[in-house]
Amino acid sequence: GHRMEWSSYHRLEDIHGYMDYLAETFPDVCSVVSIGNSVEGRPLKVIRISNGKANAPALWIDGGIHAREWISPAAVTYIINHLVENSEDLEADYYILPVANPDGYEYTFTRDRLWRKNRKRSVGSPCTGVDLNRNFGYRWGGLGTSKDPCREIYAGSGPFSEPETNAIRYFFEASAANFKAYLTFHSYGQYILYPWGYDKRVPPDYADLEMVGKQVAAAIKKAGGANSVYTVGNSATTLYAASGGSDDWAKAILKIKYAYTIELRDTGKYGFVLPARYITPTAKEALAAVMVVTEACKSL
Ligand code: 0X9
Ligand code: ZN
């Protein structure tokens, strides 16, 4: 393993090497496990960060479900670095998957910078890739999804048909941790989105999600500046309806209270191709979000 820096975007090997380095260097605070393999056989590496305090709430954080959203794994690795460096202050346990779609991520470096989906070959179609954020098993195949493998929002052949989403499901089935939050980082648009995504309805406790979401937006504003304006709202209303997302599944099936999709920078100037000079400021916003949600989890 080796260290990391945030002045450029990194390949999968670097990110995994950094996680292994942390586990080797700080074995009392972190450990790395592979929760499964991608379609092309790459490991899905999760780092657990904890200082062992009893009865701590647990937070799940993932990045890179969509291959081209490079700011997401970059910000999530920055969060990992911060949590490990400040581990004596931790009041929660974190389970973090920085690259949930490793095949797609590598493909954006080698072949197609704007690839979104995983790299599953579809039988009987010339097209490749399932949208992993349409493949989770709650309201699978509903609004905002497609059965056509050639579409960017192809939901796959069935719920959890993909090894990447299935690995996440099995991780949660096997885990005894007390999950109170599920944060999934995407780009772009600068949104803090809460369920539901499948429809414009809201969960019964949406007022809590709205309130904590607003606290997140305020903390981001404080951490950043004039450009750090994030919009809070229900996914389907604020953005568009899209079923089979990880956030809806976490909320409905896992019953994790604070389920958010956070769309990082920017608001469209560079879109997915956000220049590397924006990694640090954007990652600070993402970290501010994690800190606010951690506080909310503590008081549950
Ligand atoms: O469409 C998506 O999967 C997300 N936006 S992105 O531009 N990063 O692709 C938004 C997902 C919001 N959550 C749900 N619709 N469940
Ligand atoms: Zn996305």
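User: Start with Q190. Buried or exposed?
Analyst: Q190 is buried, at 4% relative accessible area. Buried means under 20%, exposed over 50%, partly exposed in between, using a 1.4 Å probe and protein chains only.

User: Before we go on, what are the ground rules?
Analyst: This is a predicted model: local features need pLDDT of at least 70, side-chain atom pairs need pLDDT 80 or more, and totals for chains, interfaces and linings use all residues; side-chain values use heavy atoms, without hydrogens or water. Residues count from 1 along each chain as its sequence is written, while chains are lettered from A and ligands numbered from 1 in written order.

User: Back to Q190. Where is it, and what is its phi?
Analyst: Q190 sits in the loop between β5 and β6. Its phi is positive, about 65°, although Q190 is not a glycine. Helices (H or I, at least four residues) and strands (E, at least two) are DSSP runs, numbered from the N terminus.

User: Which peptide bond is cis in that stretch?
Analyst: The one from S187 to Y188, with omega near 0°. Y188 is in the loop between β5 and β6 (191-194).

User: And what joins P195 and W196?
Analyst: A cis peptide bond, with omega about 5°. W196 belongs to the loop between β6 and α5 (206-223).

User: What about F160's phi?
Analyst: Positive, about 55°, and F160 is not a glycine. F160 lies in the loop between α3 (102-110) and α4 (163-174). It counts as buried, at 10% relative accessibility.

User: On to helix packing. How do α2 and α8 pack?
Analyst: At an angle of about 60°, with axes 8 Å apart; α8 covers residues 279-298. Axes are lines fitted to C-alpha atoms, for helices over the stretch in contact, and angles run from 0 to 180 degrees between N-to-C directions. So α2 is oblique to α8. Under 35 degrees counts as roughly parallel, over 145 as roughly antiparallel, 65 to 115 as roughly perpendicular, and the rest as oblique.

User: Which residues make the contact?
Analyst: On α2: I71, A74, A75, Y78, I79, H82 and L83. On α8 they include I279, T280, A283, L287 and M291. Contact means heavy atoms within 4.5 Å.

User: And how do α1 and α2 cross?
Analyst: At roughly 10°, with axes coming within 12 Å; α1 is residues 12-25. That makes α1 roughly parallel to α2. I15, Y18 and L22 of α1 meet P73, T77, I80, N81 and V84 of α2.

User: Last one. Is E85 buried or exposed?
Analyst: E85 is exposed, at 53% relative accessible area. It is found in helix α2. Its C-alpha is separated by 9.8 Å from that of V29, 56 residues apart along the chain.
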